[in-house]
Amino acid sequence: MTIALLFPGQGTQHIGMGKELFTRFPDLTELAEDILGYSLRRLCLEDPDGVLGHTRFTQPAVYTVNALAHRQYVRDGAARADVLLGHSLGEYNALEAAGVFDFATGLRLVAERARLMDATPGGMAAVSGIDSDRIEEALRVIGVAGVHIAVLNTHRQTVVAGPREALAQVVPRLRDAGARAVTPLKVSGPFHTRHMSQAAEEFTATLMAVQHWHEPAVPVIANHTARPHGVRRVVTDLTRQIDHPVLWAPSVERVLDEDPDTTFIEIGGTTTLLSLVRQVRHRRLAGRPSSHTGGS
């Protein structure tokens, strides 16, 4: 039986996260705080300045808590993973868990990624009840510039992103086009769209500065391609992940193609990704066509 571990991304942050993990892994927690230059424990447990939801703080916090949660998973003697998937930011946790880079390298990458992504204001909204093709058509008809598909979560949940004023115009008209719900997400930018191209370009230099990338010890499915990561493409795929859509549903389908009975386990105590997996799996069981769109 295949075991697939899932690492959630931005949007899963909440006050109190990591409470028991910080105590169980004090050395790694101290290392993270030394790298970041502030008290991660205070941020996650108290958020006294109200910044946990700000991208440049959210991403390092979620990355660190995910990494600690994975270490607890291993310490508990749970089943060894056969494949790893991470949603957006969570892809960095999947790569760290697979040994592509160490914890400190990953945190430095995430902190710089967060800084660059935070520089582009905007928002994202989850559109439920209609598929991505209908959303694309609706966006063309609506004619409001700047709103693009950012994440393919399931065949019936797609995330769109763009400037906030453009999103505000589009949301009611997507409902008119048949969307059951359009829900704003807890993020501060139009991630995974062409609006992030400058951030992606600048981040390339940070990725290129990493001296050692290692082949994954366990396959990691790339958000950008819905295919397994390879060390020769990791810089390209992580760069493009910033300003190209996250292919989550096709990534899950890739795993299910290999083993329809795969057991998925979400790291960190949340169930957001497991809910998406259930929807993808249900569609397959119903005999609906695959939504693979990954490149080579």
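In which sense do strand E3 and E6 pair, and over how many bridges? Strand E3 (residues 123–128) and E6 are antiparallel partners, joined over four bridges. Among these pairings, Ala125 has Pro184 as its bridge partner in E6. Two strands count as paired if DSSP finds at least two bridges between them; helices (H or I, at least four residues) and strands (E, at least two) are DSSP runs, numbered from the N terminus.

A word on the source: this is a predicted model, where local features need pLDDT of at least 70, side-chain atom pairs count only at pLDDT 80 or more, and totals for chains, interfaces and linings use all residues. Residues are numbered from 1 along each chain as its sequence is written, and side-chain values use heavy atoms, with hydrogens and water left out.

Back to E3 and E6: they belong to an open antiparallel sheet of four strands, ordered E4-E5-E3-E6. Strand E4 (148–154) and strand E6 (181–184) are the edges, each with a single partner strand, so one side of each has no neighbour in the sheet. From one strand to the next, the twist averages 25° (angles run from 0 to 180 degrees between N-to-C directions, with axes fitted to C-alpha atoms, for helices over the stretch in contact; contact means heavy atoms within 4.5 Å). Helix H8 (residues 164–176) lies across E3, E5 and E6, at about 145° to E5.

Now the other open sheet: four strands, ordered E7-E2-E1-E8, with parallel pairing. Here strand E7 (220–221) and strand E8 (263–266) are the edges.
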